[in-house]
Amino acid sequence: MTDAIGYELLGDIAVLTAQNPPVNALGYDVRTGLWEGIERAEKDGARAVLIYGDGATFFAGADIKEFGKPPKEPYLPDLCTRIEASPLIVVSSMHGTALGGGLEIALGSHYRIAVPSARMGLPEVLIGVMPGAGGTQRLPRLIGVERSLDIITSGRQIGAREALDLGIIDRIEDGAPRDIGLAYARELLASGAPRRAISEMPAPEPVDFDATYEAVLKKGRGQLSPAVAVRGVQAACELPFAEGMKRERELFMELMATDQRQGLIHAFFAERAVGKLPELEGVDPRPLAELGVIGGGTMGAGIATAALLSGLGVIMLEMSAEAAQAARGRIEGNLQGALKRGKIDQAKFDHLTGTALRLSTDYDALKNADLVIEAVFEDMEVKKQVFGKLDAVCKPGAVLATNTSYLDVNEIAAITARPADVIGLHFFSPAHVMKLLEIVVADKSAPDVVATGFALGKRLGKVSVRAGVCDGFIGNRILARYREAADTVMMDGSNPWEVDAAMVEFGYPMGPYEAQDLSGLDIAHANRRRQDATRDPARRYIPIADRMVAEGRLGKKVGVGWYRYPGGGGKVEDPLVEDLVREEAHYAKVARRAFTGDEIRTRLLIAMINEAAAILDEGIALSAADIDLVTVAGYGFPRWRGGLMHHADTLGPKAVLEALRRFAVEDPVAWKPAALIERLAAEGKSFAEA
Ligand code: 3H9
């Protein structure tokens, strides 16, 4: 037997223990060990088999690192079938996260028990595949089609309680997984409980699978895996079990061969690699118990909410008692949302809004804070005043963070006598919802201050990405080029809804103009005014957005922006905007022409890739994968495409360069290829290798 599975015979119960840290992934050794363990138990005359995992979890699924390599026998679906076919009573005892192939092993077992904290699910669609070891065949037989479709197409994890209610598991018991599993197996043997094979249960009742497929496909915004998984469940209704397993395998292998699977798994591993910075090796973060937040607007309230939910104490500083009261209202509103969704209970709500949150108008209240995040008005002078005061009151060793989106963190740090303690923590609004956190490392930021930023990000459940200091850091710097390319296309012949439609078709949840309407056109406008002094005069400037602001079309909050938002809800295309665009083009003497969706997409994407390449080359981002995470977690880039640079690699630096050269004929300044792209194209290398 392999070392990955321990074998013991305890009386008439054989115990198979998974020993494949960190998550007991079902790699080749584990599969072989389980197969041999079942055979040995049968030979040894056992009457029951217990399967459980050592360490943190039951099996967390197939070994994703084996994906894309030639599969090696025993295959996981065959293993589940072999387990189920055993004449012995097989019990799976689950703890941690029984996911994907892990839950499928449990479904191949005859009885399932779990500890109360266990979580389980079939998250395969989230990494671009679908359950491929009987999940789409056994789960619907066990709990019905509709509930299975919900679990399989969402990939969501469910807790032990819900699993028990749904009938996925037979029992919940507190204790060590080995102990509760053994006791259960003994009880089953003593009571003469029968062997139960889900495959022998009747085929489940069908639903309208074509309609479900279409609905799921639409919801996936171009992502295929959840929709294809629907066809797997359909097979459970329409085919005998063994045939259904074959169909599931075919569909699974089809998805395995897609770019989408590669993109999603790239994003999965990028998320796990992003915090592992060489500069932080062996560096401990500073202690973190009390967080100060300055400014209780939408951003500050969101940060405070996220911090409270993570268990940190929060002191919110505002300018006046009224403003503090308004900030409390926003935070309580956010927490009400968490209460409604069942994320917290009433007692927790009372605690978070009671003792855990303090409001003050006096900087002295921040003197014991371990970390203070400033989220005040985006203005250098205002920020400097705040940091001057923080420098005066905060305890030695406190981390002083700015939530600026664009401003120079070095300049802010320099106002203090402790620039090593200063860092940028760029949250995205609403901060208690959005996943991205850019950790902006200034020239003098101390390594343990950076480590504290990452520790905070982890605690808040964020995807934290290191960024260097520049105007806009990683995300907003790319966004500026995206908008510029969109505005140029609009000026030269398109309109906002065509541009938006082109990007939605690519997989964005919304296009750049609808997104601007949501965030408010005044914010970008103020930023453009800040950049006026330093803008390259040779660069083409499109004044349409300024004109919109001048006409009071500030976005959704005022009911009109690029679109109109009538009282009844929804957005409406506005011919006035088209007139305005045509007028501006007329003033600028532009000969307009039509753009296809493909042309629009290519321009917007190439513009972003070009800027991202410069960002990578300058060391503002440490890797192409970090840029991928920023675009996916903060800017709506479709995750199934892996992120901006992963997508760029599917095009290839050579093709990107060719497109840039083509566009540069029209405008050599805006489309000047980044040096990195020229180098990679010449060397035949990818962005991932840069
Ligand atoms: C499947 O099962 C297909 C079958 O239906 C059919 C097959 C035929 N494989 O996330 P963490 C690594 S598809 C390999 O930081 P956490 C991870 O990279 C699979 N490695 O910890 C990291 O490595 P490192 C369906 C894996 O506690 C380390 O383990 N299952 C796998 O925050 C710790 O991970 C899934 O999709 C894996 N399956 O979260 C589950 N999983 O230390 C995917 C993790 O070198 N996994 N690693 O960076 C997860 O959702 C989370 O990792 C989990 C733990 C919740 C388990």
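# Briefing: cis prolines, positive phi and helix contacts

P74 sits in the loop that runs between β3 (48–53) and α2 (76–85), and a cis peptide bond links E73 to P74, with omega at about 0°. Please keep in mind that this is a predicted model. Most residues other than glycine have a negative phi, and most peptide bonds are trans.

**Backbone geometry**

- Another cis peptide bond runs from S429 to P430, where omega is near -5°.
- The loop that holds P430 lies between β15 (422–427) and β16 (436–441).
- N24 is not a glycine, yet its phi is positive, at about 55°.
- This residue, N24, belongs to the loop between β2 (13–18) and α1 (28–43), and its relative accessibility of 2% makes N24 count as buried.
- F473 is likewise a residue other than glycine with a positive phi, near 55°.
- Look for F473 in the loop between β17 (463–468) and α18 (475–492); F473 is buried, and its relative accessible area is 0%.

**Helices α24 and α27**

- The axes of α24 (residues 597–617) and α27 (residues 653–664) are 10 Å apart, and the two helices pack at an angle of about 110°.
- An angle from 65 to 115 degrees counts as roughly perpendicular, so α24 and α27 are roughly perpendicular to each other.
- On the α24 side, T602, R603, I606, I609 and N610 take part, and they meet V656, A659, L660 and F663 of α27.
- By type, the residues of this contact between α24 and α27 are six nonpolar, two polar and one charged.

**Helices α4 and α10**

- Helix α4 (residues 135–143) packs with helix α10 (residues 241–256) at an angle of about 135°, and their axes are 8 Å apart.
- The pair α4 and α10 is therefore oblique.
- Residues G135, T136, Q137, R138 and R141 of α4 meet F241, G244, M245 and E248 of α10.
- The contact of α4 with α10 has two nonpolar, four polar and three charged residues.

**The buried side of α14**

- F349, L352 and T353 are buried in helix α14 (residues 346–353).
- These residues span an arc of only 85° around the axis, so they are on the same side of α14.
- Packed against the buried residues of α14 are α12 (298–309), α13 (321–340) and β12 (357–360).

**Domains**

- According to the domain assignment, the protein has domain 1 (5–257), domain 2 (284–467) and domain 3 (475–689).
- Between the C-alpha centres of domain 1 and domain 2 there are 42 Å.

Technical notes
Residues numbered from 1 in each chain as written. Predicted model: local features only at pLDDT ≥ 70, side-chain atom pairs only at ≥ 80, totals over all residues. Heavy atoms only, no water. Axes fitted to C-alpha atoms, helices over the stretch in contact; angles between N-to-C directions. Helix = DSSP H or I, 4+ residues; strand = E, 2+ residues; numbered from the N terminus. Parallel < 35°, antiparallel > 145°, perpendicular 65-115°, else oblique. Contact = heavy atoms within 4.5 Å. Nonpolar A, V, L, I, M, F, W, Y, C, P; charged D, E, K, R; others polar. Buried < 20%, exposed > 50% of the residue type's maximum accessible area, 1.4 Å probe, protein only. Arc of directions from axis to C-beta. Domains from an automatic or database assignment.
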